[in-house]
Amino acid sequence: MSFFLRSLIAAVVFSFSAVHSAGAFTPNKPVRLIVPFPAGGAVDFTARLIAQRLAEEWGQNVIVENQAGANGNIGAEYVARSKPDGTVLLVSSPGVFTTNRFIYRSMPYDPDNDLAPVSLVIVSPNVLVVGPQL
């Protein structure tokens, strides 16, 4: 297992352990983690790791649902319009909160008022690579 993956798992475990020990939210029905991107990507992978750990901590089913489209806006809107009872959560990249408002003329949700950040889960560097002939 790579150092990155071990670090990610440790960060998730420790952050949820701290929340759990603080007497925070414990759901009484299944929780859905909405991933606003297709299955198989980095956000989906991260959400599945989180779901597994939360299910163990809470003793409750945690289901990962992919609702892809519009650069994350479809899934984010779904969460923004959901009942605010803590059982529908968004696991997303920052673009849903930051760049989409500049890319789309009209947004189906207000990222500042309709969604509330809970935790930074992962930091993933990006790399741009080109061939030497460019």
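Predicted model: local features only at pLDDT ≥ 70, side-chain atom pairs only at ≥ 80, totals over all residues.
Start with the core. The largest nonpolar core has 22 residues. Four of them have the most contacts inside it: Leu33, Val62, Leu90 and Leu115. Find these four first, then look at the elements around them.

Which elements give two or more residues to this core? Three are strands: E1 (31-35), E2 (62-66) and E3 (88-90). Two are helices: H2 (42-58) and H3 (73-81). Helix H2 gives the most, with six residues.

Now zoom in on Leu115. Set aside its neighbours within four places in sequence. What is Leu115 in contact with then? The list holds Ala76, Val79 and Ala80. It also holds Leu90 and Phe97. Tyr109 and Asp110 complete it.

Next, move to the loop between E2 and H3. Ala70 is found there. Phi of Ala70 is near 55°, a positive value, and Ala70 is not a glycine. Asn71 also has a positive phi, of about 55°, and is not a glycine either.

How does each residue count for exposure? Buried means under 20% relative accessible area, and exposed means over 50%. Ala70 has 35% relative accessibility, so Ala70 counts as partly exposed. Asn71 has 39% relative accessibility, so Asn71 counts as partly exposed as well.

Notes: Residues numbered from 1 in each chain as written. Heavy atoms only, no water. Core = buried A, V, L, I, M, F, W, Y, C linked by side-chain atoms within 4.5 Å. Buried < 20%, exposed > 50% of the residue type's maximum accessible area, 1.4 Å probe, protein only. Helix = DSSP H or I, 4+ residues; strand = E, 2+ residues; numbered from the N terminus. Contact = heavy atoms within 4.5 Å.
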